[in-house]
Amino acid sequence: MPHKIVNKNQLSENVYRIEVEAANIASARKPGQFVIVGISTEYSERIPLTIAGADADKGTITLIFQAVGKSTAEMANLEVGDSIDNIVGPLGQPTHIEKFGTVVCVGGGIGNAPLLPIAKGLKEAGNKIISIIGARTKELIILEDEFKAISDELTVVTDDGSYGRKALVTEPLKEVCSRGEKPALAVAIGPTPMMKFCCLTTKEFDVPTVVSLNTIMIDGTGMCGGCRVEVGGETKFVCVDGPEFDGHKVNFDLMMKRMNAYKDLEQEALDKYKEHRCKIGLDK
Amino acid sequence: MTESKQKSYSELREKQKNGTLKNSERLKIPPQEMPAQEPDVRKNNVEEVALGYTEEEARLEAMRCIQCKNAPCVEGCPVRINIKDFVGAIADGDDQKAMEIIQQNQLLAAVCGRVCPQEIQCQAKCTVGLRYKDPTMAVSIGRLERFVADKFLDNDMTPKIAPETGKKVAVVGSGPGGIVVAGECRRAGHDVTIFEAFHKPGGVMVYGIPEFRLPKALVQKEIDKLIKMGVKLECNFLVGRTRTVKQLMNEDGFQAVYIGVGAGLPKFMNIEGEQLVGVYSANEYLTRANLMKAYDFGKGADTPIARSKKVAVFGGGNVAMDSARTALRLGAEEVYLIYRRSEAEMPARIEEIHHAKEEGVKFLILQNPKRILGDDKARVRAVECLRYELGEPDDSGRRRPVPIEGSEFEIEVDTAIVAIGNGANPLLQQTTPGLKFNKWGNIEVDDNCKTSIEGVYAGGDIVLGAATVILAMGQGRIAAQSINEYLKSG
């Protein structure tokens, strides 16, 4: 059954938010879960995307994605009224939500999208939310208003200082952890190196840290094992054991290498796609 | 065909018609070889390897059957097809009748004619084979089944449907078992919905078994047949997550549920280097290649797969053979199949082993990987193996492989595919309270495929562990009968 796009807007240079019809998923999903999207049935890739929000009454879910490869570029070119053939979910274990006390939520770039529903859920459970969101530069900061609305404290940082504080997210994170009353939990979601360094930071202070991993997947149901990561020396499947793990136990270095498995092929596919769109005069 | 051969064929047909063909004459007919694409040609394409019997080959093969009284072949068939009679019908030239006989017990004849391990089932018991003390001399029942099924593939032989009962049956998983249950329950007049997690139906027949062994168009035809019968199909629906079994029953009005989700959690070997880039589970490798059509990457398909030059496949089953032969078709120059026992212990079908060898897969037996070695980018560069020898028989009855100490050696490869089987997927266990599982995570059922929850039935790999298409179908038949019986009283 095709899923119609009912809303679309661009959040930053390459980041898009779409709202699509998916009634079953909208009513079943919980914070932390994801879907797998395949634009068309015959030849499309299956790509995992976190559910950034849902409206059970309307029967829609919100997806936020960055156009980095061919499939996401193709998706970015869909407009309201167009459809996506396949969306399956919700997948993965939901976030463990309870009242911990103070939780520091750290988001980097596109990572703010999966972080938002988790932060929201934690807020609703009665936690004090300290949010730190960052990006390379001003244009890439997404969902600032949404975070403002649910956070008790919010710090925005950019690498180049073009907006907010000029810092990496680890700096304010370190400050929060050094306070007299240290946070009971940290949640860090973003690019793999960012999560790695957040975990190194919180480890010093013994602040338990949850990360959400977005590895290469096919089915998202445990069948292919392509998403496997090393956690505490054991092999875990991100799709069924995760996507959230104890960040202090994740082997990020190995994960980063695995994420590059298809870099060359992906670039090739993207170049071809762009060239094709240029030729037929579709590119904006 | 030479003139004399043609003459003898006509004579045999004539005698068959008159009922004067003697057993001694039947036994003299040589087994008919299956025409196949040449190895050098087929390893460069994804088209089907075995091409199917011509009419004449089929008649000759069918006439080899001596129509023995007790027909032990039927007992060897997990779905109890009336083999003796359908083979007899082919010998008589009445293929329509043969198809009708097959269809009494079998909805997926074109599939099973191709992928059933007949040599350990019906054909293992064939009187002709036993008479020669050579199983390869048995009547080729599978090839005959395929011959008939292919002939009627496009004919509308949709079975009759009983009057609507208004009762709803949910079938979880659209693999071979699910298809059988859906068909049988629909025939009984129930309102059947199949739920499939992937975006295409067919289960292992579309993601796992390669095109060159089982064309996907053929599987689709079987699915189309179900749809024509009125079975509903919901793809992209993961039972346990999208809706739970309890929700299907308590909120969505399904009175019975069949769980046929397969095994689907790949086993790894827990050796060093398994996380390296270029190490695949066979599930992932085959899914990329088959379902996602990675062989067309750059020519339409968006899913990439390693462009391998040298590939090592670990394992000795059908899935290992499929992986090795797929790697060749994707352009690998060298493919090694590494197996720790000897060829005699390989669980793969003889035909698959034979085809793999013909195509150039190199068999490294009595060897096993100890670790996988990577380069500075964490890409596979070699496998370190140990040599093995065979010791005393183990629990499986096969001789136990024993490593030879200090026998380590390296094989240079850029890709490694782990094909050592699947465990049970934990999703339903996590989300279906009250459903009983054994210690390996397989669902517990009684002889009627009934689980610990009223109205819930299960079969196939999620019950049996890793098995075959036909065993899943056999359980599907049992489960469907139980469900139809259960819904009669309910």
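**Notes on strand pairing, backbone and surface**

1. Strand E4(B) pairs with strand E16 (residues 456-458) of chain B in the parallel sense, over three bridges. Within this pairing, Ile259(B) has Ala458(B) in E16(B) as its bridge partner. The model under discussion is a predicted one.

2. Strand E4(B) is also joined to strand E1 (residues 168-172) of chain B, by four bridges, and these two strands run parallel. Here Val171(B) has Tyr258(B) in E4(B) as its bridge partner.

3. Which residues cover the two faces of strand E4 (residues 256-259) of chain B? Ala256(B) and Tyr258(B) lie on one side, Val257(B) and Ile259(B) on the other, and all are buried. In a regular strand, side chains alternate between the two faces of the sheet.

4. Chain A contains a cis peptide bond from Gly89(A) to Pro90(A), with omega near -5°; Pro90(A) belongs to strand E7 (residues 86-91) of chain A. The bond from Gly242(A) to Pro243(A) is likewise cis, with omega near 15°. Pro243(A) is located in the loop between helix H7 (238-241) and strand E16 (244-246) of chain A.

5. Lys133(B), although not a glycine, has a positive phi of about 50°. This residue sits in the loop between helix H9 (127-131) and helix H10 (141-151) of chain B, and is exposed, with a relative accessible area of 77%.

6. Leu366(B), also not a glycine, has a positive phi of about 55°. Leu366(B) occupies the loop between strand E9 (362-365) and strand E10 (367-374) of chain B and is partly exposed, at 23% relative accessible area.

7. On the surface, Glu13(A), Glu139(A), Asp159(A) and Asp160(A) form a patch of negative charge. Glu139(A) is placed in the loop between strand E9 (128-135) and helix H4 (144-150) of chain A.

Key
Residues numbered from 1 in each chain as written. Chains lettered and ligands numbered in written order. Predicted model: local features only at pLDDT ≥ 70, side-chain atom pairs only at ≥ 80, totals over all residues. Heavy atoms only, no water. Patch = residues over 30% accessible without salt bridge, like charges linked within 9 Å, V, L, I, M, F, W, Y side chains within 5 Å. Areas by Shrake-Rupley, 256 points an atom, 1.4 Å probe, with all protein chains shown as cover. Salt bridge = Lys/Arg side-chain N within 4 Å of Asp/Glu carboxyl O. Lys, Arg positive; Asp, Glu negative; His and termini not counted. Charge placed at Lys NZ, Arg CZ, Asp CG, Glu CD. Buried < 20%, exposed > 50% of the residue type's maximum accessible area, 1.4 Å probe, protein only. Pairing = 2+ DSSP bridges.
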